[in-house]
Amino acid sequence: MNAAQLQPYLLTLVVFLPLLGAGLLLFLPREEAGQVRAWTLLAMGVDLALAAVAYLVFDPKGAEFQLEVRRAWSAEFGISYHLGVDGLSVSLVLLTGFLGPVVVLSSWKFIHDRVKEFHISLLLIQAAMMGTLVSLDLVLFYVFFEAMLIPMYLLIGVWGSERRREAAMKFFLYTLFGSLVMLVAILAVYFIGQPAGARSFDYGTIYNSLLSANRQLAACTQGVGCATLSPLALTLQAWGPLMFLAFALAFAIKVPMVPLHTWLPEAHVEAPVAGSIILAGVMLKMGTYGFWRFAIPLFPVAAYQFRPLFVALAVVGIVYGALMCLAQQDVKKLIAYSSVSHLGICMLGIFAFTAEAASGSAYQMLNHGVSSGALFCLFGFLYERRHTRRISDYGGVARVMPFFAASFLVVTFSSIAVPGTNGFVGEFLVLLGTFKASSLWLGYPVLATTTVILGASYMLWMVQRVFFGPIDRPENGGLRDLDLREGLTASAFMVLVLWMGLAPQPFLDRIAPATDRFVARAQLGTPDSAKVKDADVRVTVPPIEGAPPALPQPPVAAVALPR
């Protein structure tokens, strides 16, 4: 089978190969921990290779969604197996694929109990995250979105620290509640957005069916054409804000945005290092990705109405997360609160509705996955040696672990957005785009820039206390530097930090078409909606493979749109 023949099956392989690996693990003897680790690493490595192929064959100048496959799943209810990627989702797929082998290597010597079950959980959550990123059917997306909960609950609750059960339950209840609210909104938009007999859960079909109504609503908010609103537009006017908030609640919990963030620090602190890497590296991005893909494009008018609220919450999260970092004595909790701050920057970029800010937000999703994943991974190596998270228990570590200290410092520079690292590019674009958003209060980007100062303060303060100064505790004097496995893992992170920081354009070129379409769809709810052309926002929906020709639908009464 050549590359062209493989492409229709590529995303299916990316999603289900980890699931196949988990199934084969069931047949390995429980006591053969080495074989279990090696097989999981192999499965994750092959999945990374497939993700890399998907990333390389994606053409930024081609169709919006590529590598698409759409087959009937439940034709009676309009549910299809529809996979596809745009520039953002294929980039996040590559990030997820990269972190797969990392979580296995980071836990190679750390997990000794129920090793087989642990690695099955890793493979299951990998499949669920990949499926979430490539699903273009709302039911399929919801299935994968929910499927992430169980293996992550097990990772925290079974292999976590002392308060693991409490942290796992809090994580599960928060995210489950948000997901169930979103399910109600998915069913609502399914029933109201399309006529009986032609209903579908397909993302593109739903988006296109709402397009005209969203245009009418946007014009009505400017006082034009309110008397001629179609029945669908009237329904969206009444229920659209609630449906948007339902989607937004699920995704805001996952980000997490303040004040829905309280599950995150506990989950990070109690989770094993692999769980923390997955949480920070990929799972939190499911929230920002959900806003980008579903919440804002489907309900642009409601998104614009609630834009001041979400921008304010994003800025509060940026500042609050940074200030909380300054008060921490626990390294993992400090890194956890830094995620609240950094993902606040992503949310600010999303709701700025400018090309620069959206591009920076998308790039920052990737950057945060690399930098935060690296921080948790590297500290996990140190925790294996000392079994303490308290900053005061360290000091002078750079004297005995020079390569480890250098690696951690490079990643720290990424986290605080030092020029030349990946973090600088994303934050700079977000702040630039937010300053250019003339409809936003100037104080928002001004307050957001404090993250540069506060981020440097808490990260460098932590680095100084952990790595420098005298060795006051004898336990620290005998620490050994990174071994080959750990060194290769750290080196991979450093290469990405510098590569994405010094040569960001190839990555940004992949994202650019998705960014342009997102901004255009978001602007459908703004006073500039008349400038947006249908061709720039309409989704091309492929036919269902093997399905009989669709019966002609009764024509929909034309509605005179305001000019």
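These questions and answers go through how some labels in this predicted model are reached.

Trainee: What should I know about the model before starting?

Mentor: This is a predicted model, in which local features need pLDDT of at least 70, side-chain atom pairs count only at pLDDT 80 or more, and totals for chains, interfaces and linings use all residues. Residues are numbered from 1 along each chain as its sequence is written, and side-chain values use heavy atoms, with hydrogens and water left out.

Trainee: Why are Cys220 and Cys226 called a disulfide?

Mentor: A disulfide is a pair of cysteine sulfur atoms within 2.5 Å. The sulfur atoms of Cys220 and Cys226 are 2.1 Å apart, so the pair meets the definition. The structure holds one disulfide.

Trainee: What makes the disulfide of Cys220 and Cys226 right-handed?

Mentor: The torsion about its S-S bond is about 115°, so the disulfide is right-handed.

Trainee: Are Cys220 and Cys226 buried or partly exposed?

Mentor: Buried means under 20% relative accessible area, exposed over 50%, and partly exposed in between, with a 1.4 Å probe and protein chains only. Cys220 has 12% relative accessibility, so Cys220 counts as buried. Cys226 has 36% and is therefore partly exposed.

Trainee: How do you know that Cys346 is in no disulfide?

Mentor: For Cys346, the nearest cysteine sulfur is that of Cys325, 15 Å away. Cys346 is also buried, at 0% relative accessibility.

Trainee: Why is Ser179 called buried?

Mentor: Its relative accessible area is 0%, so Ser179 is buried. Ser179 lies in helix H7, residues 164-192; helices (H or I, at least four residues) are DSSP runs, numbered from the N terminus.

Trainee: What does Ser179 touch, not counting residues up to four places away in sequence?

Mentor: Contact means heavy atoms within 4.5 Å. On that basis Ser179 touches Tyr142, Phe145, Glu146 and Ala250. The side chain of Ser179 also reaches the backbone oxygen of Thr175 at 2.9 Å.

Trainee: What makes Leu447 partly exposed?

Mentor: Leu447 has a relative accessible area of 39%, so Leu447 is partly exposed. The residue sits in helix H20, residues 443-448.

Note on methods: Helices (H or I, at least four residues) and strands (E, at least two) are DSSP runs, numbered from the N terminus. A polar contact is a pair of N or O atoms within 3.5 Å; within protein, one must be able to donate a hydrogen and the other to accept it, and residues adjacent in sequence count only if both atoms are side-chain atoms.
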